Amino acid sequence: MVTKTNFGAYALYTIEAGELAVSITTLGATVTSLRFRGRECVPGYDSPEGYLGGTAYLGAAIGRYGNRIALARFTLGGKECMLPANEGPNQLHGGPNSYDKREWSAEVLDDAVRFTLSSPDGDNGFPGALSAAVTYSVRGGTLRLDFEGDSDADTVYAPTSHMYFDLSGRENCREAELQVNASHYLEVDAGLIPTEVTPVEGTRFDFRSARKIGQAYDHCFVLDGETACVLCDGGVRMTLSTDLPALQVYTGEFLPAPFKPFGAVALEPESFPDSPNRPDFPSTVLRAGEHFHRWAEYRFETV
Ligand code: BGC
């Protein structure tokens, strides 16, 4: 069942099916709430102002490029694309006033809502007019996201979902147990730009067996398969699967009030950061006329 209410000047759609109730607003196609068996698992603001003024990307759909592009520039087809920087010299999550701050259109489907956004040619420096879509659907205990995109010129496209999870409601993600299906992670420089693909073996990034998160992370893990990670806390287990190649784990140390620092962990299925400048990384180029489709599924259970 899908119901529609107001969220300030925006709309809020709530999909209720089985034990899950997920609310998504047309502002940034953002998940404002995800309740499993009545327990809130995804922190959010209760009005648009929090999102419009915020820099935490809580629950938002991110585009055109999730994570960072070094020095806010890249070359595509021999042409240099200059982007507005919004984190030192680099670009983060598509730049200033990007998709998370835009009003998306919504279409109600069966226990699902499809959000669409037209991003014009040259939007935040990215080439090609891109039609972006994110469809949220709920079935049983699973929330599924389908990311789609079509561009009229060659571009790069790397969407993600920036949901933070607090499965127990105790606002301390360092106590949660995490398992990540990754035998490599990306080592980064001081600006969090990837330097090299590094084995997790013998490092603090080895989450191949479930263990407490314990400390701060803001790193990209290279996934070994479609089961990306399992997060377990307060008797709830969430299994995240995706056909995207990587997972950013961000422990939310800079979460602004009213949220607590480290109160929730962002698990972002994504492409590798800075791929447009790294021919050695999986390509994020979307060619004109090619259809982009990637998915992510979040399965909730009690344990
Ligand atoms: C980034 C962090 C950033 C956070 C919120 C994450 O995806 O990796 O560095 O602080 O988003 O802006």
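User: How do the residues of the lining of the second largest pocket divide into nonpolar, polar and charged?

Analyst: The model is predicted, and the second largest pocket in it is lined by 14 residues. Residues nearest its centre include Ser283, Val285 and Arg294. By class, the lining divides into 7 nonpolar, 5 polar and 2 charged.

User: Which strand supplies the largest share of the lining of the second largest pocket?

Analyst: Two strands, β27 (285–286) and β28 (291–302), each supply at least two residues of this lining. The largest share amounts to 4 residues, and the strand that provides them is β28.

User: What volume does the second largest pocket have?

Analyst: Ser283, Thr284, Val285, Phe292 and Arg294 are the lining residues that lie nearest the centre of this pocket. The volume of the second largest pocket is about 200 Å³.

User: What volume does the largest pocket have, and which residues lie nearest its centre?

Analyst: The largest pocket has a volume of about 450 Å³. Its lining consists of 23 residues. Those that lie nearest the centre are Thr55, Tyr57, Glu87, Leu92 and His93.

User: How many charged residues does the lining of the largest pocket have?

Analyst: The lining of the largest pocket has 10 polar and 7 nonpolar residues. The charged residues in this lining number 6.

User: Which residues surround the ligand, and what distance separates a polar side-chain atom of His93 from an oxygen atom of the ligand?

Analyst: The ligand is surrounded by Thr55, Ala56, Tyr57, Arg68, His93, His162, Tyr164, Leu192, Asp218, Gln248, Tyr250 and Glu268. Thr55, Tyr57 and His93 are also among the residues nearest the centre of the largest pocket. Between a polar side-chain atom of His93 and an oxygen atom of the ligand, the distance is 2.8 Å.

User: How much of the area that the ligand exposes when taken alone does the protein bury?

Analyst: A side-chain N or O atom of Arg68 is 2.5 Å from an oxygen atom of the ligand. For a polar side-chain atom of His162, the distance to a ligand oxygen is 2.9 Å. Taken alone, the ligand exposes 310 Å², and the share of this that the protein buries is 90%.

User: Where is Arg64 found, and which residue does a cis peptide bond join to Arg64?

Analyst: Arg64 is found in the loop between β6 (61–62) and β7 (68–69). The cis bond has an omega of about -10 degrees. The residue that this bond joins to Arg64 is Gly63.

User: What is omega for the peptide bond from Ala257 to Pro258?

Analyst: Pro258 has its place in the loop between β25 (246–250) and β26 (265–270). The peptide bond that runs from Ala257 to Pro258 is cis, and its omega is near 10 degrees.

User: Is Leu71 buried or exposed?

Analyst: Leu71 lies in the loop between β7 and β8 (73–76). Phi of this residue is near 55 degrees, a positive value in a residue other than glycine. Because its relative accessible area is 53%, Leu71 is exposed.

User: Is Asp274 buried or exposed?

Analyst: Asp274 is found in the loop between β26 and β27, and its phi, near 60 degrees, is positive although the residue is not glycine. Because its relative accessibility is 4%, Asp274 counts as buried.

User: How far apart in space are Ile213 and Thr32, C-alpha to C-alpha?

Analyst: Ile213 lies in the loop between β21 (211–212) and β22 (218–222). With a relative accessible area of 1%, Ile213 is buried. Ile213 and Thr32 are 181 residues apart in sequence, and their C-alpha to C-alpha separation in space is 24 Å.

Conventions. Residues numbered from 1 in each chain as written. Predicted model: local features only at pLDDT ≥ 70, side-chain atom pairs only at ≥ 80, totals over all residues. Heavy atoms only, no water. 1 Å grid on protein atoms, 1.4 Å probe; cavity = no way out; pocket = protein on both sides within 12 Å on 5 of 7 lines; lining within 4 Å. Points joined across faces, edges and corners; volume = space filled by probe spheres on them. Nonpolar A, V, L, I, M, F, W, Y, C, P; charged D, E, K, R; others polar. Buried < 20%, exposed > 50% of the residue type's maximum accessible area, 1.4 Å probe, protein only. Near = heavy atom within 4 Å. Polar contact = N/O pair within 3.5 Å; in protein donor to acceptor, adjacent residues only side chain to side chain. Areas by Shrake-Rupley, 256 points an atom, 1.4 Å probe, with all protein chains shown as cover.
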